[in-house]
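Me: I would like to go through this structure with you and ask, term by term, what each label rests on.

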Amino acid sequence: MRSDPVVRITSLVKRYGDKTAVDGLDLETGPGITAVLGPNGAGKTTTVETCEGFRRPDSGTVRVLGLDPVRQAAELRPRIGVMLQSGGVYSGARADEMLRHIAKLHAHPLDVDDLIERLGLGGCGRTAYRRLSGGQQQRLALAMAVVGRPELVFLDEPTAGLDPQARRATWDLVGELRADGVSAVLTTHHMDEAEQLADAVAIVDAGKVIARGTPEELCRGGAENTLRFTGRPGLDVASLLKALPADSAAAELTPGSYRVAGKVDPQLLATVTSWCAQHGVMPDRISVERHTLEDVFLELTGKELRG
């Protein structure tokens, strides 16, 4: 297991004419899977393409597996896998011949037949790429990225357009690659995918990393959980707040709908129910809601996550 960063980006700047797509971005990723999240125009795609060697930085440094992806591309490319949204496949090539060709370029590729079976490509192996469905093209692009057993794989929206079964198969494959020591940088617009797969998450907006941590750490960034209950309107929230731990908050969001935020544990739940009993309040509904990655994203960016 390597101890130095898999990807190290320092003060990266990339401009397109008058537009600054990446503005002094800093990011390090370690072994495992790092999910890069961001709204449209945040700079995440440009950042990843720079790591892949497809774009040259205007300033700053990028190192992937310790190498410069532009100057040392010939040395780096055999060690990484790249999944492109466009697929990167000649439109007339058959799915199986393209995948077998990629496999032959590597010393110890994955078993091609097994990979075809696992990703549900068995029925379309002799079909020209241009005649594959969008989901089949997506699965083929994933297979091409991982068949060579890379040390690091870049996955761009790997489950976009996939049905639930294919999506789950993709998750399982990525999880097995991680168990085999393969690292990944993953972009996705599925929050549950990031929470399920990622060891670390980087949220990018306006060309900078604005938050980074494990999914659990990011979700603990504010209140760990939120307790909600409903009752009669106009309850004495100030009285409830006095009964709660000092780092808690309480509010009536809409008439009769109440939220308690803080470290929600059995003691806090007991305190709220006890206060309700003392004040003759019968909650119609009481629930504990986890602070989700989507909550964190919206709080930090104020924007929806889009592909």
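Me: Which residue just after H1 takes a positive phi?

Reply: Gly-53 does, with a phi of about 90° just after H1. The model is a predicted one, in which local features need pLDDT of at least 70 and side-chain atom pairs count only at pLDDT 80 or more, while totals for chains, interfaces and linings use all residues. Residues are numbered from 1 along each chain as its sequence is written, and side-chain values use heavy atoms, with hydrogens and water left out.

Me: What makes a stretch of the chain a helix or a strand, and how many of each are there?

Reply: Helices (H or I, at least four residues) and strands (E, at least two) are DSSP runs, numbered from the N terminus. The protein chain comes to eleven helices and 13 strands, and its C-alpha trace spans about 75 × 45 × 40 Å along the principal axes.

Me: Why is H1 called largely enclosed?

Reply: Buried means under 20% relative accessible area, exposed means over 50%, and partly exposed lies in between, with a 1.4 Å probe and protein chains only. In helix H1 (residues 44–51), six of the eight residues are buried, so the helix is largely enclosed by the rest of the structure. Those buried residues are Lys-44, Thr-46, Thr-47, Val-48, Thr-50 and Cys-51. Across the 307 residues of the protein chain, 47% count as buried.

Me: Why is the pair Glu-28 and Arg-8 called a salt bridge?

Reply: A salt bridge is a side-chain nitrogen of Lys or Arg within 4 Å of a carboxyl oxygen of Asp or Glu. For Glu-28 and Arg-8 the N to O distance is 3.1 Å, so the pair meets that rule. Glu-28 lies in strand E2 (residues 19–29) and Arg-8 in strand E1 (residues 7–16), so the bridge ties together parts that are 20 residues apart in sequence. Both partners fall into the partly exposed class, Glu-28 at 40% relative accessibility and Arg-8 at 38%.

Me: How many salt bridges does this rule give, and which residues are linked in a network?

Reply: The count comes to twelve, and Arg-63, Asp-68 and Arg-71 are linked in a network of salt bridges. Arg-94 also forms one with Glu-97, where the closest N and O atoms are 3.6 Å apart.

Me: What makes Arg-100 and Asp-113 a link between two helices?

Reply: Their side chains meet in a salt bridge at 2.6 Å, N to O. Arg-100 lies in helix H3 (residues 95–104) and Asp-113 in helix H4 (residues 112–118), so the pair ties together parts that are 13 residues apart in sequence. Arg-100, at 33% relative accessibility, is partly exposed, and so is Asp-113, at 47%.

Me: How do you know that the buried residues of H3 lie on the same side?

Reply: The buried residues of H3 are Ala-95, Asp-96, Met-98, Leu-99, Ile-102 and Ala-103. They cover an arc of only 165° around the axis, which puts them on the same side of H3; the arc is that of the directions from the helix axis to the C-beta atoms. They pack against H4 and helix H5 (134–146), where contact means heavy atoms within 4.5 Å.

Me: Why is Val-89 called buried, and what does it touch?

Reply: The relative accessible area of Val-89 is 13%, and the limit for buried is under 20%, so the label follows. Val-89 is found in the loop between E5 and H3 and touches Met-98, Tyr-129 and Met-144, not counting residues up to four places away in sequence.

Me: What lines the largest pocket?

Reply: Of the 20 residues lining the largest pocket, the closest to its centre are Ile-80, Gly-81, Val-82, Ile-102 and Met-144. A pocket is an open set of points on a 1 Å grid over the protein atoms alone, where a 1.4 Å probe fits, with protein on both sides within 12 Å along at least five of seven lines; lining residues have an atom within 4 Å of a point. Strand E5 (80–83) and H5 are the elements that give two or more residues to the lining, and E5 gives the most, with four residues. About 450 Å³ of space lies in this pocket, a volume being the space filled by probe spheres set on the points, which are joined across faces, edges and corners.
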